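Hi,

Here is the structure I promised to pass on to you.

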Amino acid sequence: MTTDWSNREFPKTLCLFDVDGTLTPARGVITKDMQQTLADLRKKCVVGFVGGSDFVKQEEQLGNDVLQTFDYCFSENGLTAFRSGEALASDSFLQFMGEERYTRLVNFCLRYIADLEIPQKRGTFIEFRRGMINVSPIGRNCSREERNEYEKFDLAHDVRKKFVLALKKEFPDYGLQYSIGGQISFDVFPVGWDKTFCLKHLEGEGFDTIHFFGDKTFEGGNDYEIYHHPEITGHAVKNPQETQAILKDLFHI
């Protein structure tokens with residue numbers, strides 16, 4: 001598939017964005033101001049997003065019209081992908097793992113969480129996705145207030161970091177990678193299935209420059225690998241407002 005973005009001022013430039021903490025607050029909804037910034041940006045260059053969440057959650061955050069407002073949509077790090085609204089080839093974490101190894105991994109996680117001493121536990125501790133599992137010590141069913149409080153506890157006690165170390169020790173031969181992102185969880189996926197996986201869909205697309213914007217660019221964060229990829233011009237941000245400020249400086253929008 002060849003690139004045809006001739007209606008853009010810079011048709012060989014792609015801006016690729018993380019979602020949580022970059023385009024939206026963590027698990028929050030995109031603002032009208034950010035939507036306008038991205039609409040203005042699409043007049044300048046090609047625009048896409050990449051995140052670990054599934055497509056339904058990304059629609060909840062970015063709007064039900066994401067296939068029309070973004071040129072590239074990469075869910076679950078690109079395991080589910082769209083270009084100009086059309087679906088691209090996909091893959092599966094379960095196919096990679098096999099049922100037996102997958103069950104061992106899930107059982108270990110559930111036992112570990114059961115023994116954790118943390119202030120609160122809710123529900124949905126493991127979320128099965130097409131390209132990964134998402135593991136949350138507090139559980140993804142927690143409220144926003146509980147999410148914020150857990151994040152503070154996690155930062156103080158390294159709950160997720162210690163959990164990841166335990167998994168690496170238990171499953172050294174599984175070919176898995178672990179990535180801490182957002183406020184309450186971390187992703188588990190095959191090596192190479194981090195956000196750089198989405199770059200496979202961009203091979204042969206003819207981009208001279210690919211900008212990536214993300215807030216978890218530290219080692220162990222879920223933006224780290226793509227931020228440091230040799231084909232990427234990386235921009236580390238702290239929040240959506242900083243994303244907008246950099247875009248305005250780069251593209252004068």
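A word on the ground rules before the details. This is a predicted model, so to speak of local features I need pLDDT of at least 70, and side-chain atom pairs count only at pLDDT 80 or more, while totals for chains, interfaces and linings use all residues. Residues are numbered from 1 along each chain as its sequence is written, and side-chain values use heavy atoms, with hydrogens and water left out.

Overall fold

The protein chain has nine helices and eleven strands (DSSP runs numbered from the N terminus: H or I of at least four residues for helices, E of at least two for strands). Its radius of gyration is 18 Å, which agrees with the value near 18 Å for a compact globule of 253 residues (taken over C-alpha atoms; the rule is 2.2 Å times the number of residues to the power 0.38). The C-alpha trace spans about 55 × 35 × 30 Å along its principal axes. Of the 253 residues, 54% are buried (under 20% relative accessible area, with exposed over 50% and partly exposed in between, for a 1.4 Å probe and protein chains only).

Aromatic contacts

The whole structure holds 16 aromatic pairs (rings of Phe, Tyr or the six-membered ring of Trp with centres within 6.5 Å; planes under 30 degrees apart are stacked, over 60 edge-to-face, the rest tilted). One of them is the edge-to-face pair of Phe-49 and Phe-70, at 4.9 Å centre to centre and 85 degrees between the planes. Phe-49 belongs to strand S2 and Phe-70 to the loop between helix H3 and strand S3, so this pair ties together parts 21 residues apart in sequence. Phe-49 is buried at 0% relative accessible area, and Phe-70 is buried too, at 3%.

Phe-171 and Tyr-174 make a tilted pair, with ring centres 4.8 Å apart and planes at 40 degrees. Over the ring of Tyr-174 sits the charged end of Arg-101, 4.6 Å from the ring centre (the rule asks for NZ of Lys or CZ of Arg within 6 Å of the centre and within 35 degrees of the ring normal).

On a 1 Å grid over the protein atoms alone, a cavity is a set of points where a 1.4 Å probe fits but cannot get out; a pocket is an open set with protein on both sides within 12 Å along at least five of seven lines, and lining residues have an atom within 4 Å of a point. Points join across faces, edges and corners, and a volume is the space filled by probe spheres set on them.

There are two cavities of 30 Å³ or more. The largest cavity holds about 270 Å³. Its lining has 25 residues, with Asp-20, Ser-53, Gly-181, Gly-182 and Asn-222 nearest the centre. Strand S9 gives the largest share, three residues. The second largest cavity has about 40 Å³, and its lining includes Asn-222 and Glu-225.

The largest pocket holds about 240 Å³. Of its 14 lining residues, Val-164, Lys-168, Tyr-178, Glu-219 and Gly-220 lie nearest the centre. Helix H7, strand S8 and helix H8 each give two or more residues to this lining.

Best wishes
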